[in-house]
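Visitor: I'm new to reading protein structures. Could you walk me through this one, feature by feature?

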Amino acid sequence: MSDDVLVVAEIRDGAIKKVALELVGEGRRIAGELGGNLLAVALGHGMGDALAPLAHYGADKVFVADDPALANYTAEGYSNVLAGLIGELEPALVLLGATTQGKDLAPRLAARLAAGLASDCTGFAVQDGELHITRPIYAGKASATVREAARPYMATVRPNIFAAAEPDSSREAPMESMSVDAGVIRAKVVEMIKEAGERVELTEADIIVSGGRGLKEPENFALIEELAAVLGAAVGASRAAVDAGWKDHSYQVGQTGKVVTPTLYIACGISGAIQHLAGMKTSKYIFAINKDPDAPIFKMADYGIVGDLFKVVPVLTEEFKKMMAER
Ligand SMILES: Cc1cc2nc3c(=O)[nH]c(=O)nc-3n(C[C@H](O)[C@H](O)[C@H](O)COP(=O)(O)OP(=O)(O)OC[C@H]3O[C@@H](n4cnc5c(N)ncnc54)[C@H](O)[C@@H]3O)c2cc1C
C-alpha cells in the first residue's frame with residue numbers, strides 16, 4: 001500500500017473537466033501530507049494533448065487508458081480498467097469529481113475494490129497520518145467527519161469547493177499508457193444527443209442565476225436567462241418553478257434536485273425553503289432578490305435586494321452588460 005493519491009480525471013468533449021484540476025490541486029496537498037505522490041488517470045479515446053494540464057496543475061504521473069472501448073463512458077468499462085489500476089498502484093486515496101459520471105462510477109468501483117467511499121466531500125485533513133474527510137449530512141444541516149477505515153479509501157468531491165492551483169505550463173509529468181482490457185461491456189452507448197444550445201452544467205457552474213415561483217409565468221424565465229447569458233452563468237430553478245412545469249427537473253436546485261456549489265448564486269423570487277437551501281447553501285456568495293423582506297432566503301444571503309424582481313433583474317442585466325463590455 002502506498003501513500004499516493006490517485007485522481008480520476010474526467011474528460012468531456014475532449015477536455016479535462018475543471019473539477020479534475022481542482023482535485024489535482026487538493027489531492028497534491030493531501031499526498032504531500034501523507035508523504036506520497038499525486039497520480040492521475042484519464043480514460044477515453046484520442047485524448048492526445050488534452051491531458052497536458054494534469055501535469056501543469058500538479059500531477060506527478062499520469063496514467064492514460066486510451067481505447068475505442070472507452071470513447072464513451074460506461075460504468076462497466078471504466079470500473080474494469082480502474083479496478084485493475086488501483087489494484088496495482090494501491091493508492092491511499094482515490095478522488096473523483098461528484099459529477100454525474102463520478103457519482104455513477106465511484107460506488108461501483110468501491111464495491112469492486114471492497115473500499116470505503118465518502119461521497120460529496122467538502123474537506124480533507126490528515127491527522128497523525130490518518131485521513132479525516134468532511135461531508136455534509138442531513139441535506140446539509142450538519143457535517144460529518146469520517147475517518148478512513150481501510151486503504152485504499154475513495155471519495156467523490158463537489159466541484160468548486162477547492163480552487164485549482166496556479167498552472168505552471170513548463171511542468172511536465174511522465175505519461176504511462178495502460179494496456180486496456182475494458183472487459184465485458186453489456187451496456188453500449190449508441191448515441192449521445194446534446195441538448196439544444198450550449199448550457200452551462202449546473203453542478204459545475206461558477207455562477208448560477210435561479211428563478212422561483214416569484215417569476216409568476218414560465219415566459220418570465222427569459223429574465224433569468226438573459227441575466228445568466230450576460231454573466232456566462234447557468235440557470236437554476238426552485239422546485240415550485242419545476243413543479244409548475246416552467247423548467248424541467250434537470251434545472252432543479254435543492255434536496256430533491258441538484259446540489260450546487262458556485263462562487264455566486266443569484267436567487268430571484270425564491271423564498272429560501274429549507275429544501276432549496278439544502279442544494280445551494282454551500283455557494284460561496286448568495287445574492288437574493290425578493291420583494292418580501294422577511295423571506296428566509298435573506299437569512300442565508302450575503303447580499304440582497306428587497307424589491308420587485310421584474311424591475312430589479314432587467315436593471316442588473318443592463319448594468320452587468322455594461323460592466324462586461326468594459327472588461
Ligand atoms: C420532500 C421535499 C423536497 C423538496 N425539495 C425541493 C428542492 O429540491 N428544491 C426546492 O427548491 N424546493 C424543494 N421543495 C419545496 C420547498 O419546500 C418549497 O416549496 C419551494 O422551494 C418553494 O419554491 P419558491 O421559493 O420558488 O416558491 P415560494 O416559496 O412560493 O416563494 C416565492 C418567493 O417569491 C417572492 N416573490 C413573489 N413575487 C416577487 C416579485 N415580483 N419580486 C421578487 N420576489 C417575489 C415571494 O416573496 C416568495 O418569497 C421540497 C419540498 C419537500 C416537502
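Predicted model: local features only at pLDDT ≥ 70, side-chain atom pairs only at ≥ 80, totals over all residues.

Visitor: Which way do the residues of β13 point?

Guide: Here's the general idea: in a regular strand, side chains alternate between the two faces of the sheet. Now the case here: Ile207, Val209 and Gly211 point one way from β13, while Ile208 and Ser210 point the other way. Residues on both sides of β13 are buried.

Visitor: Which sheet does β13 belong to, and in what order do the strands come?

Guide: Read across the open sheet and you get β14-β13-β15-β16-β17, 5 strands with parallel pairing. The edges are β14 (234–237) and β17 (303–306); each has a single partner strand, so one side of each has no neighbour in the sheet. From one strand to the next, the twist averages 15 degrees.

Visitor: How many bridges join β13 to β14?

Guide: There are 4 bridges between those two, and they run parallel. Ser210 is a handy landmark: its bridge partner in β14 is Gly236, and in β15 it stands opposite Ala267.

Visitor: Where does helix α5 lie?

Guide: Look for residues 221–231: α5 lies across β13 (207–211), β14 and β15, and runs at about 175 degrees to β13. Its buried residues are Phe221, Leu223, Ile224, Leu227, Ala228, Val230 and Leu231. Among the elements covering them are β13, β14, α6 (239–243), β15 and α9. Just after α5 comes Gly232, with a positive phi of about 65 degrees.

Visitor: How do I read two helices that cross, say α3 and α4?

Guide: Check the distance between the axes, then the angle. The axes of α3 (residues 75–89) and α4 (residues 100–113) come within 9 Å and cross at roughly 50 degrees. The two helices are therefore oblique to each other. The crossing is right-handed.

Visitor: Which residues meet there?

Guide: From α3 the list includes Ala75, Tyr78, Leu82 and Ile86, and from α4 it includes Leu105, Arg108, Leu109 and Leu113. By class, the contact has 8 nonpolar, 3 polar and 4 charged residues.

Visitor: What about the sheet with β8, β9 and β10: is the pairing parallel or antiparallel?

Guide: Antiparallel this time, in an open sheet of 3 strands ordered β8-β9-β10. β8 (123–127) and β10 (142–147) stand at the edges with a single partner strand each, so one side of each is left without a neighbour in the sheet. Neighbouring strands are turned by 25 degrees against each other on average, direction ignored. β9 (residues 130–137) and β10 share 6 bridges, and Arg135 stands opposite Ala144 in β10.

Visitor: Which helix lies across β8 and β9?

Guide: It's α1 (residues 18–34), running at about 10 degrees to β8.

Terms used: Residues numbered from 1 in each chain as written. Heavy atoms only, no water. Pairing = 2+ DSSP bridges. Axes fitted to C-alpha atoms, helices over the stretch in contact; angles between N-to-C directions. Contact = heavy atoms within 4.5 Å. Parallel < 35°, antiparallel > 145°, perpendicular 65-115°, else oblique. Left-handed = near helix turned anticlockwise from the far one by under 90°. Nonpolar A, V, L, I, M, F, W, Y, C, P; charged D, E, K, R; others polar. Buried < 20%, exposed > 50% of the residue type's maximum accessible area, 1.4 Å probe, protein only.
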